[in-house]
Amino acid sequence: MMYLWNYVDGTLKEASDGGWFPVHEPATGEVYAMAPDSRAEDIDAAIEAALSAFSAWSTSAAAERSRLMHRIADLMQTRLEDFAQAESRDTGKPVWLARMIDIPRAIDNFRFFAGAILHSSSEAHQTDTIALNYTLRQPIGIAGCISPWNLPLYLFTWKIAPALAAGNCVVAKPSEITPATASLFAEICMEARLPAGVLNIVHGSGENVGAAITTHPDIAAVSFTGGTATGATIARNAAPLFKKLSLELGGKNAALVFADCDFEETVETVVGSAFSNQGEVCLCSSRIFIERPLYERFRDAFVERVRELTVGDPLDDSTRQGALISPQHMEKVLSYIALAREEGGRILCGGERVQLEGRCAGGAFFSPTVIEGLPYNCRTNQEEIFGPVATLLPFDSEAEVLTMANATRYGLAASVWTSNLTRAHRVAAALQAGIVWVNCWMLRDLRTPFGGMKQSGVGREGGWEALHFFTEAKNVCIKL
Ligand code: NAD
């Protein structure tokens, strides 16, 4: 049995009351590790350590913070394979995916903000000949970072890196479902000699540890990624304390496929956009709208490709679909398949649990599922399933598809597939989504604003947006 530890004040610690919780491997269903079941007292200790470290860290040279962050990235690079194996075991995602995307991206997050802080600048405003104003962007204090289970290290570092680069100290909580890579990351920070207390990682449940972060008066800002319902609870808890809040929440993303798209490329990329990471990416397309003249041809090619996605052991390089995160999550996905049937949907492929043999006999595997025949406003097309389930819907006009695509409470991401440039611009502007990809999906530039509209979130992360979130803007006005 492996033991994971909290990282508080520069040292590895167990929970203050000695409690542990089990960590499961989704591909086998077995418990393989124990993690500290921390409490509010552990958050108090982490905040105390962060407050002690803040004065030195917030006034250290940006070049020094940058150097340390690059050192952390270098050390992660040397242990990339360990991270990839740990991420795959914790989440059920194919290890090749963790090796190719999750871990390199986590390293990039550190490198990107290590570079960005050296290039940041602030504004000056001259008021005629009367005064000169300039904006100081100062570290905000102690930042709380809370992340979900689907892209564990990728999203954990996406928050921690800008917070540290901007000169804040951090108290961070990874998802209790996937604590492994955050624990490895703590080892890297120790090896890189990050000063004690600058970053503190506390494991535990949302109820105990997450809530303690969001209600603590000494946490100045909370960056949260997770479900919309949790986001609402956090907003309720944090609002009376006037914390700065960044909320990256759920999605129900649309792909809009016009008849003039590049057919082969569109089919291939939209399959990837629906089923990457078993559909457990907040940006996955779950509603695929297809212009009617192309509908049947697209549907048939799409389903054929989806049937080729091999469900298997995440350790096997030929696996395209690993395990879902847990048996409970698989039950949720199954309940949506039953709902889709009730709502009149036809299951074109998938729709059931996959029983593997041997090592993975106890794993939560599910066949990638395509459904047609559902109205755009039914529950299956409105609620986030967060699994390998995509629905296909025909449309007749641009106006109609925009109405249907925008008719959800979410507004995270969308993709548009067309060779008509004018239409691409027009549709991108009309979509209610924080991110619109045209003829691509998940093409990311870390300088761009990232986040959702409506109930997909509040605020933006990435690039200057993140550095602005983690700093307090102060205007200094000098009379000339
Ligand atoms: P979740 O909301 O259940 O948990 C996310 C984190 O919040 C976990 O660390 C959890 O312990 C913590 N938490 C739970 N209750 C809390 C509370 N009361 N106070 C403080 N923290 C609390 O989400 P999940 O199931 O881990 O992740 C899946 C969800 O995340 C999906 O809805 C998905 O769309 C969303 N997501 C969004 C983005 C984005 O960028 N918008 C990215 C990835 C995932």
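**Reading a predicted model: phi, rings and a ligand shell**

Modeller: Start with Phe386. Phe386 is buried, at a relative accessible area of 16%. Buried means under 20% relative accessible area, exposed over 50%, and partly exposed in between (1.4 Å probe, protein chains only).

Colleague: What are the ground rules for this model?

Modeller: The model is predicted, so local features need pLDDT of at least 70, side-chain atom pairs count only at pLDDT 80 or more, and totals for chains, interfaces and linings use all residues. Residues are numbered from 1 along each chain as its sequence is written, and side-chain values use heavy atoms, with hydrogens and water left out.

Colleague: How do I read phi? What is the phi of Phe386?

Modeller: The general idea first. Most residues other than glycine have a negative phi. Now the case here. Phe386 has a positive phi, near 60 degrees, and is not a glycine. Phe386 sits in the loop between β18 (369-372) and β19 (389-395). Helices (H or I, at least four residues) and strands (E, at least two) are DSSP runs, numbered from the N terminus.

Colleague: Where is Asn277 found, and is Asn277 buried or exposed?

Modeller: Asn277 is in the loop between α9 and β14 (285-291). Asn277 counts as buried, at 5% relative accessibility. The phi of Asn277 is also positive, about 55 degrees, although Asn277 is not a glycine.

Colleague: On to aromatic rings. How is a pair described?

Modeller: By two values: the distance of the centres and the angle of the planes. Rings of Phe, Tyr and Trp (its six-membered ring) pair if their centres lie within 6.5 Å; planes under 30 degrees apart are stacked, over 60 edge-to-face, and the rest tilted. By this rule there are 13 aromatic pairs. Take Phe112 and Phe113. Their ring centres are 4.9 Å apart and their planes stand at 90 degrees, so the pair is edge-to-face. Phe112 is partly exposed, at 21% relative accessible area, whereas Phe113 is buried at 0%. Phe112 and Phe113 form one aromatic cluster with Trp158 and Phe450.

Colleague: What about Phe263 and Phe298? Which helices hold them?

Modeller: The rings of Phe263 and Phe298 have centres 6.3 Å apart and planes at 90 degrees, so this pair is edge-to-face. Phe263 lies in helix α9 (residues 263-275) and Phe298 in helix α10 (residues 295-307), so the pair ties together parts 35 residues apart in sequence. Phe263 and Phe298 are buried.

Colleague: Now the ligand. Which residues come nearest?

Modeller: A residue is near a molecule if one of its heavy atoms lies within 4 Å of it. Of the 29 residues around the ligand, Lys173, Glu176, Thr230, Leu249 and Glu384 come nearest. The shell has 13 nonpolar, 12 polar and 4 charged residues. Ala, Val, Leu, Ile, Met, Phe, Trp, Tyr, Cys and Pro count as nonpolar, Asp, Glu, Lys and Arg as charged, and the others, Gly among them, as polar.

Colleague: Why does the ligand lie between the domains?

Modeller: Domain 1 (2-249 + 456-479) and domain 2 (253-447) both give residues to the shell, so the ligand lies between them. The bounds come from an automatic or database domain assignment.
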